[in-house]
Amino acid sequence: MNTYSLVIIAALVLSAVWGLLLEWLNLKSLAPEAPPELADVYDPQSYRRSQDYARARGAWDMASQATGALATLGFILAGGFPLFDRLARFGGNEIVTGLAFFALLFCASELLGLPFSIYRTFVLEARFGFNTTTPRTFILDRVKGYLLTGLLGLPLLSATLWFFSAMGPWAWAWCWAATTIFSVAMTFLAPSLIMPLFNTFTPLADDGLLRRLQALAERTGFGLGGVFVMDGSRRSTKANAFFTGLGRTKRIALYDTLLAGHDADEVEAILAHEIGHFRLGHITRGLVLSILQTGLLLFLMGQAMTRPGLYEAFGMESMSVHAGLVFSVLLYSPASLALTPLFAGISRRHEFAADRFAAAHLPSPEPLVRALKKISGQSLANLTPHPCYVLFHYSHPPLAQRVAALNAAGLSPSG
């Protein structure tokens with residue numbers, strides 16, 4: 001073992017221990033009674049059921065994390081990377097070898113994770129009445145995902161391997177340019193080309209609700225490209241809504257489960273929140289932040305890939321681009337973990353801001369409060385998450401914080 005080995009193994013172990021500790025803290029924070037300000041989210045029986053769901057999910061997450069960490073550690077110590085490298089060298093072309101190397105890693109990861117995915121979908125989620133996914137839909141989703149990975153991922157990965165093998169010290173910049181173009185293109189194309197492969201999107205047929213939502217868009221200065229209903233009920237009973245796309249491809253998608261469980265005031269409030277994300281620039285900021293993060297990672301990867309000791313740490317006989325890409329990601333995993341609270345915190349601030357935007361463009365924030373409580377109740381959300389768990393895992397603020405902020409906005413002169 002060398003210094004790189006010790007750093008990477010220590011990072012894997014500490015990351016796993018930290019993840020398990022967060023799960024344990026979150027389960028310990030479950031309170032016997034709902035917070036008074038959220039007492040109307042659940043009746044006593046439903047609240048107990050939400051805690052049972054939190055415990056079941058926590059146990060599943062802990063088992064999944066522990067298995068993944070042990071498998072990764074065992075793979076490294078057993079010489080898995082040199083083995084896969086030898087298996088991938090069935091041709092003389094380094095790019096083909098690199099693609100085969102990543103294909104082997106992908107297949108191993110999928111085989112490891114598939115039982116957990118099946119259990120979560122057909123056992124855990126079904127036990128609490130959420131799952132509506134059929135085996136056929138589950139299989140088709142997987143097959144479509146694999147085909148898209150090959151169709152879209154292989155060209156980008158091939159370009160990355162070629163850049164790092166042929167472009168010298170500035171290879172990371174060429175890769176950054178390629179991934180940026182790809183990311184921006186996917187942002188525009190995903191709503192019309194990718195997402196319809198998995199779900200059906202139909203224009204909102206309720207004329208009265210549509211006119212109401214169009215009036216909201218007009219007074220908020222939002223060019224409404226379309227309001228679509230997504231058949232989320234094909235996979236789950238949980239409700240949601242989201243904004244996606246840019247330019248002419250932007251659209252608001254409302255789950256059919258959302259429309260079935262919420263009145264017009266609540267749907268309007270949810271749409272106002274989604275419009276807030278766009279009008280406040282959150283979509284663009286998120287894309288820019290992702291691009292900058294990718295650029296930094298590629299730069300650091302370019303520096304690490306030139307270090308022979310990094311390859312020796314994994315028992316490799318020679319340096320190669322495909323192995324260097326993987327090893328550098330493992331090397332920088334502690335930095336990624338350290339940055340997680342920063343990006344999660346930015347996301348939560350965006351949610352607060354979108355809530356304020358909605359409150360400012362509605363007669364009252366009360367319909368949004370009602371909608372958030374309903375969504376939490378329908379999804380058996382944990383009302384008392386541990387602050388440390390929120391710090392690392394919550395892209396949205398806990399319900400109690402959102403409700404308090406909205407109530408304060410309703411009381412303020414500007415609200």
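Start by selecting R142 and E110: they form a salt bridge, with the closest N and O atoms 2.8 Å apart. A salt bridge here is a side-chain nitrogen of Lys or Arg within 4 Å of a carboxyl oxygen of Asp or Glu. The pair links distant parts of the chain, with R142 in helix α5 (residues 135-166) and E110 in helix α4 (residues 94-127), 32 residues apart. Helices are DSSP runs (H or I, at least four residues), numbered from the N terminus. R142 is partly exposed, at 24% relative accessible area. The cut-offs are under 20% for buried, over 50% for exposed and in between for partly exposed (1.4 Å probe, protein chains only).

Before moving on, note that this is a predicted model, in which local features need pLDDT of at least 70, side-chain atom pairs count only at pLDDT 80 or more, and totals for chains, interfaces and linings use all residues. Residues are numbered from 1 along each chain as its sequence is written, and side-chain values use heavy atoms, with hydrogens and water left out.

Side chains of opposite charge can pair when their charged atoms come close. Select R89 and D85 for another one, at 3.1 Å from N to O. R89 is partly exposed, with 33% relative accessible area. D85 counts as buried, at 7%.

Now select K374 and E266. Their side chains meet in a salt bridge of 3.1 Å, N to O. This pair also links distant parts of the chain: K374 is in helix α14 (residues 366-378), E266 is in helix α9 (residues 264-279), and 108 residues separate them. K374 is partly exposed, at 32% relative accessible area, whereas E266 is buried, at 0%.

**H262**

Keep K374 on screen and select H262, which is in contact with K374. H262 lies in the loop between α8 (256-261) and α9. Is H262 buried or exposed? It counts as buried, at 8% relative accessibility. Beyond its neighbours within four places in sequence, H262 is in contact (heavy atoms within 4.5 Å) with A239, V267, I270, A371, K374, I375 and Q378.

**L380**

Go to the loop between α14 and α15 and select L380. Check its backbone: phi is positive, about 55°, although L380 is not a glycine. L380 counts as buried, at 8% relative accessibility.

**The N-terminal end**

Finish at α1 (3-28). This helix has 26 residues and reaches 37 Å from first C-alpha to last, close to the 38 Å expected at 1.5 Å a residue. The expected span is 1.5 Å times one less than the number of residues. At the start of α1, a side-chain oxygen of N2 comes to within 3.1 Å of the backbone nitrogen of Y4.

Which residues of α1 are buried? They are S5, I8, I9, A11, L12, A16, G19, L22, E23, L25 and N26. Their cover includes α2 (44-77), α11 (308-312), α12 (321-331), α13 (333-360) and α15 (387-393).

Last, select M1, in the segment before α1. M1 is exposed, at 74% relative accessible area.

Conventions
Helix = DSSP H or I, 4+ residues; strand = E, 2+ residues; numbered from the N terminus. Polar contact = N/O pair within 3.5 Å; in protein donor to acceptor, adjacent residues only side chain to side chain.
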